[in-house]
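Student: I'd like to learn how to read a few features off a model. Can you walk me through some?
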Amino acid sequence: MTYDPRTAAVLALHWQVNVIKPEGFFGAMLGEPVARSGVVERAVRFHESMRAVGVPLVFTRFTVPVGGGGLVRNTGFMNAVGDAQEAFRPDAPGAQLIPEMRALAEVDRVVDNQKLSGLAGNDLPRWLAGRGIGTLFVTGVATNLTVEQTARHGTDLGFTVHPVSDCVTAATDEAHEMSLANMDLATAGRLTSEQALGLFS
């Protein structure tokens with residue numbers, strides 16, 4: 001089976017300083033596991049390879065504009081970022097994409113929102129559908145947070161969703177593996193980056 005790159009996209013979720021780097025807001029929880037996993041380097045290679053075969057990249061950023069935007073304080077996670085929203089302003093250092101991803105994002109689309117799902121609170125589902133995109137390959141951090149939330153949401157919206165298992169990670173290996181197992185049932189199933197690229201050969 002092969003896929004048409006014109007009908008697919010990579011959703012690159014929360015590759016931001018606040019999430020990925022030790023100095024970011026979630027650095028104490030995610031900085032060390034992210035560095036240890038090597039996920040950034042693998043994801044950069046995957047993103048570059050997918051672009052090379054014609055698959056567009058869409059980066060999402062969690063930001064909080066002045067006034068809160070669409071932020072709803074209905075979970076512990078949203079209360080935490082709401083209390084520290086200055087760190088998530090669109091122009092704040094922590095809200096920026098990590099240096100390893102910035103050159104990639106300059107060419108493709110970047111979407112901001114105030115939701116855990118990258119497909120919520122923005123026009124991204126309409127934008128994708130309007131371009132005939134029906135298959136989504138999801139990368140990002142953390143596996144059990146934005147990745148799983150977006151993957152389930154995308155599936156409910158009618159997209160065929162594949163988490164890219166070696167381009168996502170979580171605070172613990174256990175949370176990562178359990179989330180991937182959940183998504184094997186709730187989506188079209190995980191693929192490695194090599195398997196995903198193989199669909200376009």
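Tutor: Buried means under 20% relative accessible area, exposed over 50%, partly exposed in between (1.4 Å probe, protein chains only). Helices (H or I, at least four residues) and strands (E, at least two) are DSSP runs, numbered from the N terminus. This is a predicted model, where local features need pLDDT of at least 70, side-chain atom pairs count only at pLDDT 80 or more, and totals for chains, interfaces and linings use all residues. Residues are numbered from 1 along each chain as its sequence is written, and side-chain values use heavy atoms, with hydrogens and water left out.

Student: Why does S179 count as buried?

Tutor: Because its relative accessibility is 1%. S179 sits in helix α8 (residues 173-186). Skipping neighbours within four places in sequence, S179 touches T143, N144 and E148.

Student: How do the residues lining the largest pocket divide by type?

Tutor: Ala, Val, Leu, Ile, Met, Phe, Trp, Tyr, Cys and Pro count as nonpolar, Asp, Glu, Lys and Arg as charged, and the others, Gly among them, as polar. On that scheme, the lining has 6 nonpolar, 6 polar and 1 charged.

Definitions and conventions. Contact means heavy atoms within 4.5 Å.
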